[in-house]
Amino acid sequence: MNLLFDLGHVLIDIDPKRSLQAFARLLKSDPDAQQQAQKLITAEGLLGGHNSRLIDLYQLGQITTEQFLDTAAQACRPDVTEQQLLDAWLAMLLPFRQEKAQLLRQLHEHGIPFYILSNINETHVQWTRDNCPELQLASGIFFSNEIHIAKPDPAAFQYVIDHTGIKPEDTLYIDDLVANLDAARPFGFQLLHATSDSTWLPLLQHMISPTK
């Protein structure tokens with residue numbers, strides 16, 4: 001059995017509202033700026049709803065971090081620094097839970113291959129590498145900004161299959177978004193909708209628990 005994980009809301013806990021609130025504190029006060037900000041950085045975009053063209057471009061690796069921040073800065077006060085923008089963008093990422101870090105270590109120790117397929121961007125990728133070392137135990141990591149394909153595009157799943165050789169029918173795919181699960185279904189993946197940690201963590205912990 002192989003495992004294919006999404007990151008946000010599965011392995012990594014995120015709270016997009018924290019970033020929205022942080023950006024709100026940096027915005028210009030005039031109504032036009034507020035409207036512009038809503039177009040650039042929206043809750044739906046932060047949650048992968050693809051209603052933010054800026055976020056789509058960033059997570060596909062089609063713009064640089066500098067371009068992303070420069071665009072976001074247009075809706076902010078002139079005294080706002082690049083570090084403040086970065087801090088606002090990173091605010092949504094919550095500390096990596098030890099329970100999940102331990103799970104990944106145990107999967108690795110038990111020889112259960114796991115892979116990661118995530119819609120993500122350069123800034124958040126760097127955060128994961130700095131704060132979630134257990135992710136590097138994965139047999140393969142596929143970040144949208146590096147492969148230039150984002151879920152739910154079926155090409156993202158085909159890319160994983162082509163570059164790992166895994167058989168979808170022998171692979172459990174865990175994601176919190178139904179659209180992504182629907183895109184994976186025609187390939188034959190086993191699917192698990194991660195509506196909360198309780199829907200998948202106990203299952204995997206049971207998978208790796210020693211036989212008594």
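**Entry 1: two helices**

I began with helix H6 (residues 82–90) and helix H8 (residues 122–131), which pack at an angle of about 70° with their axes 10 Å apart. I am working on a predicted model, where local features need pLDDT of at least 70, side-chain atom pairs count only at pLDDT 80 or more, and totals for chains, interfaces and linings use all residues. Residues are numbered from 1 along each chain as its sequence is written, and side-chain values use heavy atoms, with hydrogens and water left out.

My reminder on terms: helices (H or I, at least four residues) and strands (E, at least two) are DSSP runs numbered from the N terminus. Axes are lines fitted to C-alpha atoms, for helices over the stretch in contact, and angles run from 0 to 180 degrees between N-to-C directions.

How do H6 and H8 lie relative to each other? They are roughly perpendicular (65 to 115 degrees; under 35 is roughly parallel, over 145 roughly antiparallel, the rest oblique).

Next I looked up who meets whom: Leu-86, Trp-89 and Leu-90 in H6 are in contact (heavy atoms within 4.5 Å) with Thr-123, His-124 and Trp-127 in H8.

**Entry 2: Asp-175**

I found Asp-175 in strand S4 (residues 171–175). Is Asp-175 buried or exposed? Asp-175 is buried, because its relative accessibility is 0% (buried is under 20% relative accessible area, exposed over 50%, partly exposed in between, with a 1.4 Å probe and protein chains only).

A polar atom of the Asp-175 side chain lies 2.9 Å from the backbone nitrogen of Leu-177. Leaving aside neighbours within four places in sequence, I listed contacts of Asp-175 that include Asp-6, Val-10, Lys-151 and His-193.

**Entry 3: a cis bond**

Lys-151 turned up again: a cis peptide bond joins Lys-151 to Pro-152, with omega about 10°. I placed Pro-152 in the loop between helix H9 (144–147) and helix H10 (154–164).

His-148 is in the loop between H9 and H10 too. Its phi is positive, near 60°, and His-148 is a residue other than glycine. At 49% relative accessibility, His-148 counts as partly exposed.

**Entry 4: His-9**

Where is His-9? I found His-9 in the loop between strand S1 (2–5) and helix H1 (16–24). His-9 is not a glycine, yet its phi is positive, at about 75°. With a relative accessible area of 29%, His-9 is partly exposed.

Terms used. A polar contact is a pair of N or O atoms within 3.5 Å; within protein, one must be able to donate a hydrogen and the other to accept it, and residues adjacent in sequence count only if both atoms are side-chain atoms.
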